[in-house]
Amino acid sequence: MKALEELNSTEKGRLLMQLFPSHLTALVDYIGTTCKELREQEAQLRKEWNSRSIVTADYWFDLVGQAEKLIGDLHFTLERNPKVFADQFFYSHLAVFTIDCICSYAETVGTENRFRKAVELLF
């Protein structure tokens, strides 16, 4: 096994999901709900988007679109397979959105302490 600092985002995501497979369904649902909420507030968020932000609103909503497409295309597979979840959600720039969702999920949803600590350690 690689040292923690040598793991890329996909490997970290796969490790997290292999350690906590019971969270797959809830995470897919949480990401989907987050996408829906962002879409509902898109006009307002775009208007208020800080131009000094490190990412643009267009970039962020492109990631939201990618996540929505993944969930639409692979919903049940993502919920059942940690490798597929990690390979799809942690690939390329989508990892930025996924990590944000997972950190938010770990903070706000009633997740067990071990999951929260694993998220803090990995991301």
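The model is a predicted one. Its largest nonpolar core holds 35 residues, and helix 4 supplies the largest share of that core, with nine residues.

**The nonpolar core**

- Within the largest nonpolar core of 35 residues, the members that touch the most other members are Leu16, Ile31, Phe85, Phe89, Phe90, Phe97 and Phe115.
- Two or more residues of this core come from each of helix 1 (9-19), helix 2 (24-40), helix 4 (57-80), helix 5 (82-89), helix 6 (94-108) and helix 7 (113-122), and it is helix 4 that gives the largest share, nine residues.
- Leu16, when residues up to four places away in sequence are not counted, touches Ile102, Phe115, Ala118, Val119, Leu122 and Phe123.
- As background to this arrangement, nonpolar side chains in soluble globular proteins tend to be buried together.

- Ala67 is found in helix 4, and its relative accessibility of 0% places it among the buried residues, because buried means under 20%.
- Beyond its neighbours within four places in sequence, Ala67 is in contact with Ile31, Cys35, Phe89, Leu94 and Phe97.
- Ala67 and Trp49, by contrast, are separated by 18 residues in sequence and by 20 Å in space, taken from C-alpha to C-alpha.
- Thr34 has its place in helix 2 and is likewise buried, with a relative accessible area of 16%; its contacts, leaving aside neighbours within four places in sequence, are with Phe97 and Cys101.

**Salt bridges around Arg39**

- Side chains of opposite charge can pair when their charged atoms come close.
- Arg39 meets the side chain of Glu42 in a salt bridge of 3.0 Å, N to O, and Arg39 also forms a salt bridge with Glu68, where the closest N and O atoms are 3.1 Å apart.
- Because Arg39 lies in helix 2 and Glu68 in helix 4, this second pair ties together parts that are 29 residues apart in sequence.

- Two packed helices are described by the angle between their axes and the distance between the axes.
- For helix 5 and helix 6, the axes come within 8 Å and cross at roughly 120°, and the two helices are therefore oblique to each other.
- Where these helices meet, Phe85, Gln88 and Phe89 in helix 5 are in contact with Leu94, Ala95, Thr98 and Ile102 in helix 6.
- Thr98, found in helix 6, is buried with a relative accessible area of 1%, and a polar atom of the Thr98 side chain lies 2.7 Å from the backbone oxygen of Phe89.
- Apart from neighbours within four places in sequence, Thr98 is in contact with Ile31, Phe89 and Phe90.
- Ser92 is found in the loop between helix 5 and helix 6, where Ser92 is partly exposed, with a relative accessible area of 48%.
- The phi angle of Ser92 is near 60°, a positive value in a residue other than glycine.

Key: Residues are numbered from 1 along each chain as its sequence is written. This is a predicted model: local features need pLDDT of at least 70, side-chain atom pairs count only at pLDDT 80 or more; totals for chains, interfaces and linings use all residues. Side-chain values use heavy atoms; hydrogens and water are left out. A nonpolar core is a set of buried Ala, Val, Leu, Ile, Met, Phe, Trp, Tyr and Cys residues joined through side-chain atoms within 4.5 Å. Buried means under 20% relative accessible area, exposed over 50%, partly exposed in between (1.4 Å probe, protein chains only). Helices (H or I, at least four residues) and strands (E, at least two) are DSSP runs, numbered from the N terminus. Contact means heavy atoms within 4.5 Å. A salt bridge is a side-chain nitrogen of Lys or Arg within 4 Å of a carboxyl oxygen of Asp or Glu. A polar contact is a pair of N or O atoms within 3.5 Å; within protein, one must be able to donate a hydrogen and the other to accept it, and residues adjacent in sequence count only if both atoms are side-chain atoms. Axes are lines fitted to C-alpha atoms, for helices over the stretch in contact, and angles run from 0 to 180 degrees between N-to-C directions. Angles under 35 degrees count as roughly parallel, over 145 as roughly antiparallel, 65 to 115 as roughly perpendicular and the rest as oblique.
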